[in-house]
Amino acid sequence: MFSLEEIITEIEKKTKFSRNQLYQKIKKKHEELSGLVSMEGAGHLVARDIGINLLTTKKRALKIKDIVSGMKHIKLKARVIQTSEIREFDRKGGKKGRVCNLILTDGTGEIRLPLWDKQVGMIEENKIKVDDVVEIKNVFAKDSVFGGVELGLPRLSRIEKIGDDESIPHRVVVSGTGFKRVQIKDLKEGNYEIRGNLVQVFNINPLFQTCPECRAKVDKTENGFVCSKHGKVEPQNNMIISGIVDDGTASIRSVFFRDQAKTVTGLDPSVLSNMSQEEAINLIKENALGNEFIIRGRIQKNKIFDTLEVVVNRVENLDIEKESNKIINEINALSE
Ligand SMILES: [Zn+2]
């Protein structure tokens, strides 16, 4: 990865900004993201905002928390913490395609990596499985349709199992990931953790259908579901819940996608697929309303309502024992 100095030099060469102006811009971006990315990561974002691509030349070893959409030639060492089932689908033109999603962590964050077709063989033959440490070369990062960033592995790039490396944790390590716990009244844009109750669920359709191949939303037509890229597909059902979370200091609009919606409701999307919207929303309310959750996510401005909302990255049901221990540890740390 470029050092901060190198990033500033690169941008300076190609723009009229002074070093100091660039440094201030990067610092501001870094603060906006409340420590989610390093200063170098913020530097890349500033470069991207100005329209300069720093990302094409060097192969860069990165931490997951520093990966932003648009980066290319990323080199990454991480642990596999989840593998999805291998799904088959029909490609346009009749050929079969296959996909399997990996979730990776290096302790600083989690990121999804879909494997396609031949790449899936690594999973199928058990060459890569949960808990393995892998090295991936030459991947790129793009916006996920579900919010956040995901990786893409070009056809000629490699994912390789390497020897176990104890320095790579088995899950995201909370401290240092930038998800600082705050009260809702103190939230601003960035990444935060909040604890609160779901006090309202909006009456919007909780199901949406996506293409199993590219995961874009599909359109419902007379002939079934159609992806703009892959033609007629057997779509996947995904759940989305939008509601209000309140922690006693304030409340915030919260959006839960897919696994997060599943955790919040304890429901599988297939359960909802034969219900009317009203029935589905009622069932969701019965299961989730009033429950207390710990939520980590990206706080962003909702452009329509001009208020903050949280796009949830991870939600957990409140575990009283864990919470008590957390508070006790904090108190102990203060008295030391
Ligand atoms: Zn598609």
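How many bridges join strand E9 to strand E10, and do the two run parallel or antiparallel? In this predicted model, strand E9 (residues 180–181) is joined to strand E10 (residues 190–201) by two bridges, and the two strands run parallel.

## Pairings of strand E10

Strands of a sheet pair through backbone hydrogen bonds, in either the parallel or the antiparallel sense.

## The sheet E12-E13-E14

Three strands form an open sheet in the order E12-E13-E14, with antiparallel pairing. Its edge strands are E12 (219–221) and E14 (231–233), each of which pairs on one side only, and neighbouring strands of this sheet are turned against each other by 45 degrees on average, with direction ignored.

Strand E13 (residues 224–227) pairs with E14 in the antiparallel sense over three bridges, and the bridge partner of Phe225 in E14 is Val233.

## Helices H1 and H2

Two packed helices are described by the angle and the distance between their axes. For helix H1 (residues 4–14) and helix H2 (residues 19–32), the axes come within 10 Å and cross at roughly 120 degrees, which makes H1 oblique to H2. The crossing of H1 and H2 is right-handed.

On the side of H1 the contact is made by Leu4, Glu5, Ile8, Thr9, Ile11 and Glu12, while H2 contributes Arg19, Leu22, Tyr23 and Ile26. By residue class, the contact of H1 with H2 divides into six nonpolar residues, one polar residue and three charged residues.

## Aromatic pairs

The count of aromatic pairs comes to two. One of them is formed by Phe89 and Trp116, whose ring centres lie 6.4 Å apart and whose planes stand at 90 degrees; because planes over 60 degrees apart count as edge-to-face, the pair is edge-to-face.

This pair links distant parts of the chain, with Phe89 in strand E3 (residues 87–90) and Trp116 in strand E5 (residues 110–116), 27 residues apart.

Notes: Residues numbered from 1 in each chain as written. Predicted model: local features only at pLDDT ≥ 70, side-chain atom pairs only at ≥ 80, totals over all residues. Heavy atoms only, no water. Pairing = 2+ DSSP bridges. Helix = DSSP H or I, 4+ residues; strand = E, 2+ residues; numbered from the N terminus. Axes fitted to C-alpha atoms, helices over the stretch in contact; angles between N-to-C directions. Parallel < 35°, antiparallel > 145°, perpendicular 65-115°, else oblique. Left-handed = near helix turned anticlockwise from the far one by under 90°. Contact = heavy atoms within 4.5 Å. Nonpolar A, V, L, I, M, F, W, Y, C, P; charged D, E, K, R; others polar. Phe/Tyr/Trp six-rings, centres within 6.5 Å; stacked < 30°, edge-to-face > 60°.
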